[in-house]
Amino acid sequence: MATKFILLGLLVNLLVFTDAQSVGVCYGRNGDGLPSQQDVVALYNSKGITRMRIYDPDQGTLQALKGSNIEVMLGVPNDALQSLNNKDAATTWVRDNIQNYPDVKFRYVAVGNEVDPNKESGQYAAFVLPAMQNVHSAINDAGLGGQIKVSTATYTGLLVTSSPPSNGAFHGNVQGFIEPIIRFLAQNNLPMLANVYPYFGDPSSNLPYALFTAPGTVVTDGSRQYSNLFDAMLDAHYAAQASLGGEDVEIVVSESGWPTAGDDPVATVENARIYNNNLIRHVKGTNGTPRKPGRSIETYIFAMFDENKKPGAETEKHFGIFSPDQQPKYELNF
């Protein structure tokens with residue numbers, strides 16, 4: 001009898017793991033007491049997490065990923081963007097961090113993260129597109145263009161309007177930065193990466209809307225009806241880029257999550273559990289969003305572990321779904 005239960009459990013795990021293809025988890029290392037890279041890769045495998053976003057080409061992580069079959073979104077840190085405006089440097093970067101790891105399944109290269117002309121990161125804005133172009137060319141020259149897609153990770157802070165979603169638009173002084181990027185992506189059939197956080201969209205005003213638990217339509221936008229804030233925010237991104245030549249540019253959600261603690265009454269373990277489980281269920285489905293129906297939404301949950309060294313509000317340090325001892329903070333069904 002025990003053997004039957006074990007076999008049944010393995011079968012259920014296999015089915016759950018196989019169905020998790022559209023969901024990844026971000027692996028940040030800006031914290032104390034975290035497991036080794038090898039242990040982290042083993043944890044991804046044991047939980048059936050088949051996609052990983054990393055924020056820099058950490059050689060220990062890349063070594064640990066060899067032969068793992070985990071698909072990787074590899075980041076170029078903002079402070080490395082200027083160097084990759086040199087074509088030879090981009091070629092070397094691709095050789096050292098991608099070609100030298102033929103047993104790692106690279107899926108995307110995220111060239112910069114949340115570069116915003118209106119924030120301190122705006123110092124890097126002029127370097128993003130040339131770096132993307134040079135990395136894209138280097139990947140093509142290496143014969144990997146059909147496997148690895150180049151993009152940059154934007155975020156909702158670039159939008160001046162997001163409600164209703166069809167009015168989504170970039171800040172006026174962001175358009176000159178983002179429009180050439182959007183057109184480059186469109187010309188090369190590459191996706192946009194976007195960090196989409198209902199948590200940062202004033203969830204306390206309507207918590208069920210943010211947690212996917214609203215009983216029905218909350219926002220009506222013409223013929224489109226929205227029952228969750230995630231779809232509304234994502235469609236606002238689609239509307240904003242459509243007006244700049246990106247109607248057909250797919251968006252991959254490169255970060256989304258919910259904090260379990262901090263200086264905010266809605267930052268709780270229970271809300272994080274509800275949000276992330278509903279997010280996984282939603283993006284793995286085929287409903288898409290009201291603007292882009294009938295598709296799954298590739299999404300990366302932020303983050304694998306708490307990062308106590310992160311700057312900013314206390315909540316920024318508590319987005320992890322696992323503790324450093326690799327125990328889950330709450331039940332999460334991948």
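How much accessible surface does the chain have, and what percentage of it belongs to carbon and sulfur atoms?

**View 1. The whole chain, a predicted model.** The accessible surface (Shrake-Rupley method, 1.4 Å probe) comes to about 14300 Å², with 48% belonging to carbon and sulfur atoms. The secondary structure holds 9 helices and 12 strands (DSSP runs: H or I of at least four residues for helices, E of at least two for strands, numbered from the N terminus). Buried residues (under 20% relative accessible area, 1.4 Å probe, protein chains only) make up 51% of the 334 residues.

**View 2. Tyr-199 meets Phe-319.** Welcome to one of 11 aromatic pairs found in the whole structure (ring centres of Phe, Tyr or Trp, the last by its six-membered ring, within 6.5 Å; planes under 30 degrees apart are stacked, over 60 edge-to-face, the rest tilted). The ring centres of Tyr-199 and Phe-319 are 6.1 Å apart and the planes stand at 85 degrees, so this pair is edge-to-face. Tyr-199 sits in the loop between strand E8 (192-195) and helix H7 (207-210), and Phe-319 in the segment after strand E12 (299-301), so the pair ties together parts 120 residues apart in sequence. Both residues are buried.

**View 3. Phe-212 and Tyr-275, a tilted pair.** Here the centres are 5.5 Å apart, with 40 degrees between the planes. Phe-212, in the loop between H7 and strand E9 (219-221), and Tyr-275, in helix H9 (residues 269-284), are 63 residues apart. Phe-212 counts as buried at 16% relative accessibility, as does Tyr-275 at 0%.

**Notes.** Numbering starts from 1 along each chain as its sequence is written, and side-chain values use heavy atoms, leaving out hydrogens and water. Local features need pLDDT of at least 70 and side-chain atom pairs 80 or more, while totals for chains, interfaces and linings use all residues.

Key. Buried < 20%, exposed > 50% of the residue type's maximum accessible area, 1.4 Å probe, protein only.
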